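Me: Hi! Could you walk me through this structure? I'd like to go over it piece by piece.
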Amino acid sequence: MGTVWGRAEQQDFRARVRGCLLGAAIGDALGAGVSGLSVEAIRDAHGPDGLSDLTPAHGRRGAVTSATQLTLFTVDGLIRAQVRRDTGAWHPPTDIHRAHLRWAATQRDWGPDERRKDNGWLACEEWLYARRNPARATLTGLGDEVLGTPDRPKNPAARDAGAVVRSAPFGLLVGWEPELVCRLAVECAAQTHGHPSAYLAAGAYAVVVHGVARGETIEAAVARVPALLAGYAGHEPVAGALRGALGAVRQGVPGPDRIAALGDTDGEAAEDAVAIAVYCALVGADMRHGLRLAVNHDGPSETTGSLTGGLLGALHGETALPPAWLAELEGRATVLELADDFAMEMTQGPALHGPAVSAPGWLARYPRG
């Protein structure tokens, strides 16, 4: 997509951004109700076909987990990075890290700290001040202000998908080249998850989202990943998991057994969670079917639901989202507001801030400090 955005291109981009962020949140909420349950336990609770609708979690239907919380703060950090670029301070990993530290404050504090002038509007959303099962490595990685990097990562043994679930927004940087999207996702994942499979899975997922957000097929986007990861040590498990996902599409009727065969960890490892999401997005007849496949298995259902929802939402746009699930989604207004802000910044940023223009309302929402 070029640097000049026509009206049709802006509308398509906004629909994909909305679809990605809302889709990820819906998948997260759907999976949250069966998190940690085996397939047998899910069927015992919801019938022989498994979970087919939202079910209560965290005290209500449609509740999201830390996956959605962190994704929103990733978006906030990306917008801040663009705003700060005017100052010459251009280092997106630092801005993402600061955003995730603002999320970490929501896990410690009772509510927004009005004394902080750098919070912006998102960190003032009171509904985000709830602990919703964040990965341990995410909490410890953000327990201080030291910035982890791929050379010196936080939590070198952490292999779960806690960093992958916040990485869809990197794929929405459609004006960037895929290798830069991959590098940014990898660098930001290493801030909490230092195992190569974990941070390279985050890069791979971001690249797939990036491809479909640009209008490519899932298969074409996945095909680009191995070459982009080849320069990183330890890339083989991630590349192998994606090959397995593509191969599984031709191996029979989709279901929990097919998903279980995609890896040894039922989606607990980051690369297996990405493979499950790719598989479910490819074989799902529609978004509802794909999401149901993604959460009815022995594994972290909220993780695989979120990853599948983000991918399908970026592919099809917001109008593909199941309306009944969307209607009950916790924080829907916040997700929509942030999605539209992201789309506006990426397509019309020069009209909001720059050497010759400064929109005070925008800089209050996304402070440069």
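Reply: Happy to. One term to start with: helices here are DSSP runs of H or I with at least four residues, numbered from the N terminus. By that count, Thr74 lies in helix 3. Keep in mind that this is a predicted model.

Me: Thanks. Is Thr74 buried or exposed?
Reply: Thr74 is buried, because its relative accessible area is 0% and anything under 20% counts as buried.

Me: And which residues does Thr74 touch, apart from its sequence neighbours?
Reply: Leaving out residues up to four places away in sequence, Thr74 touches Ile96, His100, Arg166, Pro169 and Phe170. Phe170 sits 96 residues from Thr74 along the chain, with 8.2 Å between the two C-alpha atoms.

Me: Let's stay around helix 3. What does Asp76 pair with?
Reply: Asp76 meets Arg102 in a salt bridge, at 2.8 Å from N to O. This pair links distant parts of the chain: Asp76 is in helix 3 and Arg102 is in helix 4 (residues 92-106), 26 residues apart.

Me: Are those two buried or exposed?
Reply: Arg102 counts as buried because its relative accessibility is 4%. Asp76 is buried too, at 1%.

Me: How many salt bridges are there in the structure?
Reply: The structure holds 18 salt bridges. As a general point, side chains of opposite charge can pair when their charged atoms come close.

Me: Why does Arg16 count as buried while Asp12 counts as partly exposed?
Reply: The cut-off for buried is under 20% relative accessible area. Arg16 has 14%, so it is buried. Asp12 has 34%, so it falls in the partly exposed range.

Me: What does Glu177 pair with?
Reply: Glu177 forms a salt bridge with Arg214, with 3.9 Å between the closest N and O atoms. Here the link runs between two loops, 37 residues apart: Glu177 is in the loop between helix 6 (168-171) and helix 7 (178-189), while Arg214 is in the loop between helix 8 (196-213) and helix 9 (218-229). Glu177 is partly exposed at 42%, and Arg214 is partly exposed at 30%.

Me: Which residues are linked in a network of salt bridges?
Reply: Arg18, Glu318 and Asp340 are linked that way.

Me: Switching to aromatics. How many aromatic pairs are there?
Reply: There are four aromatic pairs. One of them is Trp5 with Phe13, a tilted pair with 5.1 Å from centre to centre and 50° between the planes. Both Trp5 and Phe13 are buried.

Me: And how about Trp362 and Tyr366?
Reply: Their ring centres are 5.1 Å apart and their planes are at 55°, so this pair is tilted as well. Trp362 is buried at 5% relative accessible area, and Tyr366 is buried at 0%.

Me: Which rings are linked into a cluster?
Reply: Ring pairs link Trp5, Phe13 and Phe342 into a cluster.

Me: What lines the largest cavity?
Reply: The lining is made up of Leu78, Ala81, Gln82, Trp90, Pro92, Leu173 and Trp176. Helix 3 (residues 66-84) gives the largest share, three residues. By class, the lining has six nonpolar residues, one polar and no charged ones.

Me: Last one. Where is Ser301, and what is Ser301 in contact with?
Reply: Ser301 is found in helix 14 (residues 301-316). Ser301 counts as buried because its relative accessibility is 0%. Setting aside neighbours within four places in sequence, Ser301 is in contact with Gly27, Gly31, Val34, Ala294 and Val295.

Me: Great, thanks for the tour!

Notes. Residues are numbered from 1 along each chain as its sequence is written. This is a predicted model: local features need pLDDT of at least 70, side-chain atom pairs count only at pLDDT 80 or more; totals for chains, interfaces and linings use all residues. Side-chain values use heavy atoms; hydrogens and water are left out. On a 1 Å grid over the protein atoms alone, a cavity is a set of points where a 1.4 Å probe fits but cannot get out, and a pocket is an open set with protein on both sides within 12 Å along at least five of seven lines; lining residues have an atom within 4 Å of a point. Ala, Val, Leu, Ile, Met, Phe, Trp, Tyr, Cys and Pro count as nonpolar, Asp, Glu, Lys and Arg as charged, and the others, Gly among them, as polar. Buried means under 20% relative accessible area, exposed over 50%, partly exposed in between (1.4 Å probe, protein chains only). Contact means heavy atoms within 4.5 Å. A salt bridge is a side-chain nitrogen of Lys or Arg within 4 Å of a carboxyl oxygen of Asp or Glu. Rings of Phe, Tyr and Trp (its six-membered ring) pair if their centres lie within 6.5 Å; planes under 30 degrees apart count as stacked, over 60 as edge-to-face and the rest as tilted.
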